[in-house]
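Please open the model in your viewer and keep the selection tool at hand.

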Amino acid sequence: MTVILIVLVILLAIAVAVMAVPLVRRHLARPAAPPSTSDPRILFPFVARGLSPQALDAALRLAAAESATLVPVFLARVALDLPLDTALPRQCSMAMSLLEAIEQRATEAGIPVDSRIGRGRNRRHALRRTIAQERFDRIVIAAASNGSPGFDAADVAWLLENAHGEIVVLRPSADPRALSLPAAAAVRPRTPAFHRGRDGRRRTASRARETTRSR
């Protein structure tokens, strides 16, 4: 009788193990939970001589409205014959000056900042590497138009097709003062911007601000 009981217990254990295998496999096959977005982050990429104070002002207003961290990224160009991690004294010096100016503006507004220097063979390559490596919820960039600093139409189109999250593209005015960060820090955009929401639709900048206030 004892032998029969032992055999039954062994058979029951084997049956339980066999039934548990599919459950374990399904559990392992589940994708990992996405990282927490409790700390919103707004990516603000720019290039040398392409920092738009108007776009920065818009990024700061969004960060303040959403209690988000501003992530300014200076996109540095590395020549093809050099390693990507090579020292870039001239560009890094320029980057530090611009990033310090941005950090000062953000600190005055009580906005946390997490500055970066992104590297690439050209601005699009640097932008591609940046969006692949950084965590963010929204991107704010300036589009070059009528002599204003920013990204050209091809770069903007590429970003809209390849970047995740919300994207705000601002077209600043051609006012020469926009090229000077201290002089144009408080200037608001004079021409419409468009905004791509999570649903993929484009909205005007005013509509984007209404969406922000409704949250």
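Predicted model: local features only at pLDDT ≥ 70, side-chain atom pairs only at ≥ 80, totals over all residues.

Begin by selecting Arg116 and Asp114, whose side chains make a polar contact at 2.5 Å, a polar contact being a pair of N or O atoms within 3.5 Å in which, within protein, one must be able to donate a hydrogen and the other to accept it, while residues adjacent in sequence count only if both atoms are side-chain atoms.

Residues are numbered from 1 along each chain as its sequence is written, and side-chain values use heavy atoms, with hydrogens and water left out.

Arg116 has 29% relative accessibility and therefore counts as partly exposed (buried is under 20% relative accessible area, exposed over 50%, partly exposed in between, with a 1.4 Å probe and protein chains only).

Now select Phe74, which lies 42 residues from Arg116 along the chain, although their C-alpha atoms are separated by 6.4 Å.

From Phe74, go on to Phe46: the ring centres are 5.8 Å apart and the planes stand at 80°, so the pair is edge-to-face (rings of Phe, Tyr and Trp, the last by its six-membered ring, pair if their centres lie within 6.5 Å, with planes under 30 degrees apart stacked, over 60 edge-to-face and the rest tilted). Both Phe46 and Phe74 are buried.
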